[in-house]
Amino acid sequence: MSFENPESSVVLLSGGLDSTVLLAKLVAERRRVIALGVDYGQRHRREIDAAKSVCNCLGVEYRLIDMRALKPIFGKNSLTDDKLAVYEGKYDEEGMKTTVVPARNLILISLATALAISEKCDTVAYAAHGGDHAIYPDCRPEFAEKLDAVVQISDWHKVRLERPFVAMTKAEIVRLGAALSAPLALTWSCYNGGKKHCGKCSTCIERRAAFAEAGVADPTDYAQ
């Protein structure tokens, strides 16, 4: 692939809808892109396989960092503590809080920044969107703005933080993904991490709703 755009980026790629559409967007802009995945001990490691498949489909270099040694510091949350059940039903404040991994985006963006500096890339891109703001502190505009300022002064090689979906809903992201022909069928959202999306956890419900609101056919195989 030829890179007509002089800008290059490291994209935090979980393997979910949002980060996959972001990756497809930057590829469509003809940038040089490196996708970065992080294994931090998440119970839904199935998303890592999804990320690899997405990168194979889009012809993007994928790098995976093993950070499972961090798991003990994350405390009680349903994403890294297998003793806690994954919240089911529509997202509400208390339900969403059970899925918060402390400082996750701060840690992941720091890792991506180090890679961007070493590879002389221009930006680090992550896919925080408008629907995340209410509960997740590390998805809010204030967090991104202040961290961007830190990222830009963290090395002699200047890197900035991109978050193009910060004002978008998940349905708008799905609609953009369809327009870009992003491989949405390859993505993984379910926090339970089985062979199929469970269809019951909050992120599965959010995924279904986003496709329905976007008017895009949902390619997901749900268990329920």
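Modeller: Serine 8 touches Arg32, Lys120, Cys121, Asp122 and Thr123, leaving out residues up to four places away in sequence; contact here means heavy atoms within 4.5 Å. The model is predicted, so local features need pLDDT of at least 70 and side-chain atom pairs count only at pLDDT 80 or more, whereas totals for chains, interfaces and linings use all residues. Residues are numbered from 1 along each chain as its sequence is written, and side-chain values use heavy atoms, with hydrogens and water left out.

Serine 8 belongs to strand E1, residues 8–12. Strands (E, at least two residues) and helices (H or I, at least four) are DSSP runs numbered from the N terminus. With a relative accessible area of 7%, serine 8 is buried; buried means under 20%, exposed over 50% and partly exposed in between, with a 1.4 Å probe and protein chains only.

Strand E1 also contributes to the largest nonpolar core. Such a core is a set of buried Ala, Val, Leu, Ile, Met, Phe, Trp, Tyr and Cys residues joined through side-chain atoms within 4.5 Å. The largest one has 36 residues, and Val10, Leu12, Leu36, Ile109, Val124, Tyr126 and Leu161 have the most contacts inside it. Two or more residues come from each of E1, strand E2 (32–39), helix H4 (104–118) and helix H5 (141–152). H4 gives the most, with 6 residues.

Beyond its neighbours within four places in sequence, valine 124 is in contact with Val10, Ile109, Ala112, Thr113, Ala116, Val159, Arg160, Leu161 and Glu162.

The cysteines complete the account. A disulfide is a covalent bond between the sulfur atoms of two cysteines; here the term covers a pair of cysteine sulfur atoms within 2.5 Å. The structure holds 0 disulfides. For cysteine 139, which is in no disulfide, the nearest cysteine sulfur is that of cysteine 201, 17 Å away. Cysteine 198 is likewise in no disulfide, and the nearest cysteine sulfur, that of cysteine 190, is 3.6 Å away. Cysteine 139 is buried, with a relative accessible area of 8%, and cysteine 198 also counts as buried, at 11%.
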